[in-house]
Amino acid sequence: MHKKLFIPGPVEIHPDILSAMATPMIGHRMKEYAELHGRVTSRLQKLMLTDDPVFLATSSAFGVMEGAIRNLVGTRCANFCNGAFSDKWHDVTLRCGKQADAIRFDWGRPVTPDAVETALATGRYDSMTMIHNETSTGVMSPLAEIAEVMKKFPEVMFIVDTVSSMSALRIPVAELGIDSCIFGVQKAFALPPGLTIFSASEKALKRAETMAGRGYYFDYVEFAVNDAKHNTPSTPCISQIYAMDTQLDRIFAEGLENRWARHLDLAEYIRNWVTSHGFELFPEPSYCSQTLTCSRNSRGIDLEGLKKKLADVGFAFDDGYGKIKGHTFRIAHMGDMTRADLDGLLNAITTIMPELA
Ligand SMILES: *Cc1c(COP(=O)(O)O)cnc(C)c1O
């Protein structure tokens, strides 16, 4: 039996997307590919609200997150860490042989504009990384306020992971001045995993050109040269790009504003459910994610038992990530999710919970 995915990635895939994945293959140096590539990247620019080139990489998000480090970090990087994925990005930075410091926040708290300002004002850094929506803790950091601070440090590369937020709310990449905005597609975009999207500002491409050891597979300059011909440096995951093409049709048919409103509605709906069922939200309330809700296990229920019983009735449920596993649970409400989908899960949870006590 297929278990319907309510975990924060990969998420449930619409049947139209699965059909698009079965489109007969084309060659990536054929004009059919160039047409597909051009159509997809120009619509991604529209969605990301930027004129910067947008590239298609065949890898999971961490491939490009590592690539960004190798292409954009020169002297020293400030890694802002407020959860498992941002912690890992710091580790990746060090493993690339770069000088870097982790600026840490307690889990459940956002990256703050003040901390960004304090760190960058030291003049030690030529680059910074942050995760807009920390999927491990369900915290969304105040990107617009941080972007304001970043405007005081125009020489610092502003590298942002929006894996679990892009398309679910307005993230105007150009207006925010993000130099490289990176997201895998298996979360907020509700596509099968394996494709990662990233933008590169002129400043980013200029920096990349000067970076020794930036490698080949994620070389920003290679991507730019190829993208100008609606192509990629090496063979891309064409089936996934067909899926993206179809998902962009669906996103623009729904309308961006409607999509943002739907996500906000779902987020409020689920937060209400959580707090009215004896649980507390894990994040600081004003920084709750719009695409997943992370709840404390305030009632001390057997989350592993719940997960098992939900699996028996066809739901994949998440009982926390990293060091807060078992103490929290997360419910994803991203991609194509509706209230009716969530009701299915919530009803199953309310039925099962008394059996666990
Ligand atoms: C899932 C996730 C990643 C890791 O993505 P992979 O595709 O597994 O490499 C990175 N950042 C965030 C915010 C995520 O949610």
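Is Cys 288 buried or exposed, and what is its relative accessible area? In this predicted model, Cys 288 is buried, and its relative accessible area is 9%.

The cysteines were examined for bonding. A disulfide is a covalent bond that joins the sulfur atoms of two cysteines. Across the whole structure, the search returns 0 disulfides. Cys 237 takes part in no disulfide, and the nearest cysteine sulfur, belonging to Cys 181, is 18 Å away. Cys 237 is buried as well, at a relative accessible area of 10%. For Cys 288, the closest cysteine sulfur is that of Cys 294, at 9.0 Å. Since a disulfide requires the two sulfur atoms to lie within 2.5 Å, the separation of 9.0 Å between Cys 288 and Cys 294 is too far for a bond.

The aromatic side chains were considered next. A pair of aromatic rings is described by the distance of the centres and by the angle of the planes. The count of aromatic pairs comes to 11. One of these is formed by Trp 273 and Phe 279, with 6.4 Å from centre to centre and 20° between the planes. This pair is classed as stacked, because planes under 30 degrees apart meet that description. Trp 273 and Phe 279 are both buried. Elsewhere, ring pairs connect Phe 55, Phe 198, Tyr 220 and Phe 223 in a cluster.

The charged end of Lys 46 lies over the ring of Phe 252, at 5.0 Å from the ring centre. In the case of Arg 339, the charged end sits over the ring of Tyr 269, and the distance to the ring centre is 4.1 Å.

The whole structure contains 1 cavity of 30 Å³ or more, and the volume of the largest cavity is about 40 Å³. Its lining is made up of Leu 56, Ala 57, Thr 58, Tyr 217, Phe 223, Thr 232, Pro 233, Ser 234 and Pro 236. Strand 2, which spans residues 54–58, gives the most to this lining, contributing 3 residues. By class, 6 of the lining residues are nonpolar and 3 are polar, while no charged residues are present. Phe 223 belongs to the lining of the largest cavity and is also a member of the cluster of ring pairs with Phe 55, Phe 198 and Tyr 220.

Terms used
Residues numbered from 1 in each chain as written. Predicted model: local features only at pLDDT ≥ 70, side-chain atom pairs only at ≥ 80, totals over all residues. Heavy atoms only, no water. Phe/Tyr/Trp six-rings, centres within 6.5 Å; stacked < 30°, edge-to-face > 60°. Buried < 20%, exposed > 50% of the residue type's maximum accessible area, 1.4 Å probe, protein only. Lys NZ or Arg CZ within 6 Å of the ring centre and 35° of its normal. 1 Å grid on protein atoms, 1.4 Å probe; cavity = no way out; pocket = protein on both sides within 12 Å on 5 of 7 lines; lining within 4 Å. Points joined across faces, edges and corners; volume = space filled by probe spheres on them. Helix = DSSP H or I, 4+ residues; strand = E, 2+ residues; numbered from the N terminus. Nonpolar A, V, L, I, M, F, W, Y, C, P; charged D, E, K, R; others polar.
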